[in-house]
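Morning, everyone. Please bring up the model, and we'll walk through two spots in it.

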Amino acid sequence: MTYKQYLKSEKWQNIKKQVYDRARKNAGTDNRFGVCEACGYEPYKPCLQVHHRTYERIMNERLEDLILLCPRCHKAETEKQRQAK
């Protein structure tokens, strides 16, 4: 299975839902679009992205490997990861 196929899989959809649920629970909100786990942004439309903190277990991620981020925080985290390499 390719990574692109994986992102369409039921397995990915389930873990993605768990990331959204965790973010909402930790923020104490029921915002259906979630909340950024870095800056607390609560969008009024879908825009949040699930970010891999690590790619060690790609396609077999643990919940703690993932974080829900707004586009600005996602870009910043990705840049940090690239610079760390």
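Start with a polar contact: the backbone nitrogen of phenylalanine 33 lies 2.8 Å from a polar atom of the side chain of asparagine 31. A polar contact is a pair of N or O atoms within 3.5 Å; within protein, one must be able to donate a hydrogen and the other to accept it, and residues adjacent in sequence count only if both atoms are side-chain atoms. A polar atom of the asparagine 31 side chain also lies 3.0 Å from the backbone oxygen of proline 43.

A word on the source: this is a predicted model, where local features need pLDDT of at least 70, side-chain atom pairs count only at pLDDT 80 or more, and totals for chains, interfaces and linings use all residues. Residues are numbered from 1 along each chain as its sequence is written, and side-chain values use heavy atoms, with hydrogens and water left out.

Is asparagine 31 buried or exposed? Buried, because its relative accessible area is 14%; the cut-offs are under 20% for buried, over 50% for exposed, and partly exposed in between, with a 1.4 Å probe and protein chains only.

Where is asparagine 31? In the loop between helix 2 (10-27) and strand 1 (49-52). Helices (H or I, at least four residues) and strands (E, at least two) are DSSP runs, numbered from the N terminus.

Leaving out residues up to four places away in sequence, asparagine 31 touches Arg24, Glu42 and Pro43. Contact means heavy atoms within 4.5 Å.

That's the first spot, and the second can wait for questions.
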